[in-house]
Amino acid sequence: MTSSSNSSARFPRISNHGVPTRCWCGEGIITFGSSTAENKYRRFYRCQIARDRKTENHLFKWIDEALIDEIRMVEAKHERVAQEITKFEERVIEKVKSEIVRVEAEMSEKLKEKVNLEIARVAQDMKQKLKIATVAMVVVGAIVGIWTSISVIGWLSSEFDGFKIS
Ligand SMILES: [Zn+2]
């Protein structure tokens, strides 16, 4: 029996961010343990078709690398949200300042004091609400990341001790 195909079992390292859910062939992803000496017990993602047809090109990704990717994605999202909040705060402060100038030109001294206090209170209130919104968004992002990690780590730690993501 002859075979023209390349018989070496290759692991294509095509970049795919985060934890993969599906191979590019359309098949769902499952996890396997490496049996090579250099990566003994190290887990990886692959589809069933790739396991059966070793010469074909299918998604391959180490689980530990996928988790680190996932954490970096959450961190990047956190950074973007924080930047947007800062910009929004700056716009609000600018608006409040211009409003103070306008009001001051129109109001009597007694009224000015009252209005300034109210503006300061409203600005403080808005800032507080923005902070709560940021925390909520970041927490949701982190939960998604952690949930994905836990489902794999729990499974990993049942496989062997001493596994650690650094
Ligand atoms: Zn596949």
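These are my notebook entries on a predicted model of one protein chain.

**Entry: ground rules**

I number residues from 1 along each chain as its sequence is written, and I leave out hydrogens and water, using heavy atoms for side-chain values. Because the model is predicted, I take local features only at pLDDT of at least 70 and side-chain atom pairs only at pLDDT 80 or more, while totals for chains, interfaces and linings use all residues.

**Entry: overall layout**

I looked up the secondary structure and found three helices and three strands. Their order from the N terminus is β-β-α-β-α-α. Helices (H or I, at least four residues) and strands (E, at least two) are DSSP runs, numbered from the N terminus. I also looked up burial: 25% of the 166 residues are buried. Buried means under 20% relative accessible area, exposed over 50%, and partly exposed in between (1.4 Å probe, protein chains only).

Cys25 is partly exposed at 37% relative accessibility, whereas His58 is buried at 3%.

**Entry: aromatic rings**

I describe a pair of aromatic rings by the distance of the centres and the angle of the planes. Rings of Phe, Tyr and Trp (its six-membered ring) pair if their centres lie within 6.5 Å; planes under 30 degrees apart count as stacked, over 60 as edge-to-face and the rest as tilted. The structure has four such pairs. One of them joins Phe32 and Phe44, which are tilted at 35° with centres 5.8 Å apart. Phe32 is in strand 1 and Phe44 in strand 2 (residues 43-47), so the pair ties together parts twelve residues apart in sequence. Phe44 also pairs with Trp62, edge-to-face at 90° and 5.8 Å centre to centre. That pair links strand 2 to strand 3 across 18 residues. Are Phe44 and Trp62 buried or exposed? Phe44 is buried at 8%, and Trp62 is buried at 7%. Ring pairs join Phe32, Phe44, Phe60 and Trp62 into a cluster.

**Entry: salt bridges**

I count a salt bridge where a side-chain nitrogen of Lys or Arg lies within 4 Å of a carboxyl oxygen of Asp or Glu. The count is seven. One of these is between Arg42 and Glu65, with the closest N and O atoms 3.4 Å apart. Arg42 is in the loop between strand 1 and strand 2 and Glu65 in helix 2, so the pair ties together parts 23 residues apart in sequence. Asp69 bridges to Lys61 at 2.7 Å, and Lys61 is buried at 9% relative accessibility. Arg102 and Glu99 meet at 2.9 Å, N to O. Both lie in helix 2, three residues apart, about one turn of the helix.
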